[in-house]
Amino acid sequence: MIKILTKLVGLLVLVLAISCETDTVLSSRQRLAIEQELLQEFLESVPDSNNPAGLNYKDFWTLEAVDTIDKSLETGLIYFELETGTGKAVSVGNQVGYRYNRYVIARDSLDQPGLFWHSSDPSNYGYVDPDVFVAGSGSGVYSGVEQAILNMRKGGKSKVIVPSTVGDGTYVTSIFDIEITYLSDN
C-alpha cells in the first residue's frame, strides 16, 4: 500500500511539474520585436554619468558626436562619429585594422535596460595587433560594423549601435566603440 501511495504521489508531482511548465517558444518575429522594444527603451533612458543636462542616451551620444548617421529605419544601424580621423577614408578593397569594445543591451536585476560588456567577445584592445579585414569582402566582420567602418577614416573613433539583424543574429543589440588603427593603400 505504501509503495502504491509513493508511486501515486511521485506521479502527481510529475503531472503538476509538467502542467506548471511556463516556458513558451517565441517566434523569430516576436524575438526581434522584443529586441527592438528593449533598444528603444534603452535609447530613451538617461545615462547617469557625465550628463548634467539629463539627456537620454540617443540625444547624449548625438551631442557628443561630430557626425551621426541614423539608418534605424532601413537596417537598424545608428552611427555616432566621436572623432574624425586625420587619415584617408576607408573604401571597399582596403585592408582595415580596427580596435573595439563591445557591449550589449540587456536588462539588469531591476528589469531596467542597461549597457553591459559582451561576455565572450568584449574587446580587442588587449591584443598587440588589431583585427584586420578587407572592407567590402563581407567576411569576418558583422555587417553593421562594416557599414560603420566604411564611414570612417584612419585614426577615427565611433560608437555604433548594431541590432542583431546586422550583427550576430542572436536577437541582442550590440554597441561597438570602434577605432581605425590601420588602413592599406589599396
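**Figure 1. Residues lining the largest pocket of the predicted model.** The lining consists of Ser 45, Val 46, Pro 47, Asp 48, Ser 49, Asn 50, Tyr 57, Phe 60, Trp 61, Glu 64, Pro 113 and Lys 159. Helix H3, spanning residues 57-64, contributes four of these residues, the largest share. By class, six lining residues are nonpolar, three are polar and three are charged. The volume of this pocket is about 250 Å³.

**Figure 2. The second largest pocket and its lining.** This pocket has a volume of about 180 Å³. Leu 32, Gln 36, Leu 39, Gln 40, Ser 72, Glu 74, Thr 75, Gly 76, Pro 163 and Thr 165 line it. Six residues of this lining are polar, three are nonpolar and one is charged.

**Figure 3. The largest nonpolar core.** This core comprises 20 residues, of which Val 96, Tyr 98, Val 145, Ile 149 and Ile 178 touch the most other members. At least two core residues come from each of strand S2 (77-83), strand S3 (95-107), helix H4 (143-149), strand S6 (157-162) and strand S7 (174-183). Strand S7 supplies the largest share, four residues. Apart from this core lies another, of 13 residues, including Tyr 57, Trp 61, Ala 65 and Ile 175. In soluble globular proteins, nonpolar side chains tend to be buried together.

**Figure 4. The surroundings of Tyr 98.** When residues up to four places away in sequence are not counted, Tyr 98 touches Asn 124, Pro 130, Asp 131, Phe 133, Val 141, Val 145, Ile 149, Ile 178, Glu 179, Ile 180 and Thr 181. Among these partners, Val 145, Ile 149 and Ile 178 are also named with Tyr 98 as the core residues that touch the most other members.

Notes:
Residues are numbered from 1 along each chain as its sequence is written. This is a predicted model: local features need pLDDT of at least 70, side-chain atom pairs count only at pLDDT 80 or more; totals for chains, interfaces and linings use all residues. Side-chain values use heavy atoms; hydrogens and water are left out. A nonpolar core is a set of buried Ala, Val, Leu, Ile, Met, Phe, Trp, Tyr and Cys residues joined through side-chain atoms within 4.5 Å. Buried means under 20% relative accessible area, exposed over 50%, partly exposed in between (1.4 Å probe, protein chains only). Contact means heavy atoms within 4.5 Å. On a 1 Å grid over the protein atoms alone, a cavity is a set of points where a 1.4 Å probe fits but cannot get out, and a pocket is an open set with protein on both sides within 12 Å along at least five of seven lines; lining residues have an atom within 4 Å of a point. Grid points are joined across faces, edges and corners, and a volume is the space filled by probe spheres set on the points. Ala, Val, Leu, Ile, Met, Phe, Trp, Tyr, Cys and Pro count as nonpolar, Asp, Glu, Lys and Arg as charged, and the others, Gly among them, as polar.
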